[in-house]
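Have the sequence and the 3D view side by side. We will go from the whole chain to its sheet, and then to its core.

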Amino acid sequence: MDTEFCRIHVRNRDQVLLIRRGDKLLQGMEQCGQQLIRVGCRKGGCGLCRIRILSGEVACEKMSRCHVSAEDRALGYALACRVIPQTDLVIESDHCRLFQNTPTE
Ligand code: FES
């Protein structure tokens, strides 16, 4: 097992990133030159990098409740720019509310 990196499987893109341990997920993805997660403000304000963590452990910096509620957190949603992987992860990207289907009237 490689302890210097965390393996991040982005399931909806069927691709894998290797993130240096201790880096934030979004930062690590950008350092790999990949675009598997949407990038916005990089500081938790815009919600563009919203992901769902399906398995694995993370440390999280404070996230705006308007982008990730307590209920969302319990379901695995997080902002990639605020997440520091602690183990290998399986995630889904593209969970920004701006790009999700909204009911039509
Ligand atoms: S990039 Fe804006 S909240 Fe993460």
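The chain averages a pLDDT of 91, and 92% of the residues score at least 70. Here pLDDT is the predictor's confidence in each residue, on a scale from 0 to 100. This is a predicted model, so local features need pLDDT of at least 70 and side-chain atom pairs count only at pLDDT 80 or more, while totals for chains, interfaces and linings use all residues. Residues are numbered from 1 along each chain as its sequence is written. Where pLDDT is low, the predicted coordinates should not be read in detail. Among the elements, helix α2 (residues 70-74) has the lowest mean pLDDT, 95. Strand β7 has the highest, 98.

Now take the overall plan. The chain has two helices and seven strands. Both kinds are DSSP runs, numbered from the N terminus: helices are H or I over at least four residues, strands are E over at least two. Along the sequence the pattern reads β-β-α-β-β-α-β-β-β. The radius of gyration is 13 Å, close to the 13 Å that the globule rule gives for 105 residues, so the chain is as compact as a globular protein of that length. That radius is taken over C-alpha atoms, and the rule is 2.2 Å times the number of residues to the power 0.38. Along its principal axes the C-alpha trace spans about 50 × 25 × 25 Å.

Next, find the sheet. Five strands form an open sheet in the order β2-β1-β7-β3-β5, with mixed pairing. Two strands pair if DSSP finds at least two bridges between them. β2 and β5 stand at the edges with a single partner strand each, so one side of each has no neighbour in the sheet. On average, neighbouring strands are turned by 40° against each other, direction ignored. Axes here are lines fitted to C-alpha atoms, for helices over the stretch in contact, and angles run from 0 to 180 degrees between N-to-C directions.

Walk across the pairs. β1 and β2 are antiparallel, with six bridges. Four residues lie between these strands in their hairpin, where D14 takes a positive phi near 50°. β3 and β7 are antiparallel over three bridges. In that pair, S55 has V90 as its bridge partner, and I53 stands opposite I91. β3 also runs antiparallel to β5, again joined by three bridges. There R52 stands opposite Y77.

Stop at Q15 in strand β2. Is Q15 buried or exposed? Q15 is exposed, because it has 12 other C-beta atoms within 10 Å. The cut-offs are 20 or more such atoms for buried, 12 or fewer for exposed, and partly exposed in between, with C-beta atoms placed from the backbone. V10 stands opposite Q15. Q15 touches V10 and L36, not counting residues up to four places away in sequence. Contact means C-beta atoms, placed from the backbone, within 7 Å.

Finally, look inside. Buried residues make up 30% of the 105 residues. In soluble globular proteins, nonpolar side chains tend to be buried together. A nonpolar core is a set of buried Ala, Val, Leu, Ile, Met, Phe, Trp, Tyr and Cys residues joined through C-beta atoms within 7 Å. The largest has 22 residues, and I8, C49, L79 and A80 touch the most other members. At least two residues of this core come from each of β1, β2, α1, β3, β5 and β7. A80 touches L25, L26, I37, C49 and I51, again leaving out residues up to four places away in sequence.

How values were computed: Two residues are in contact if their C-beta atoms, placed from the backbone, lie within 7 Å.
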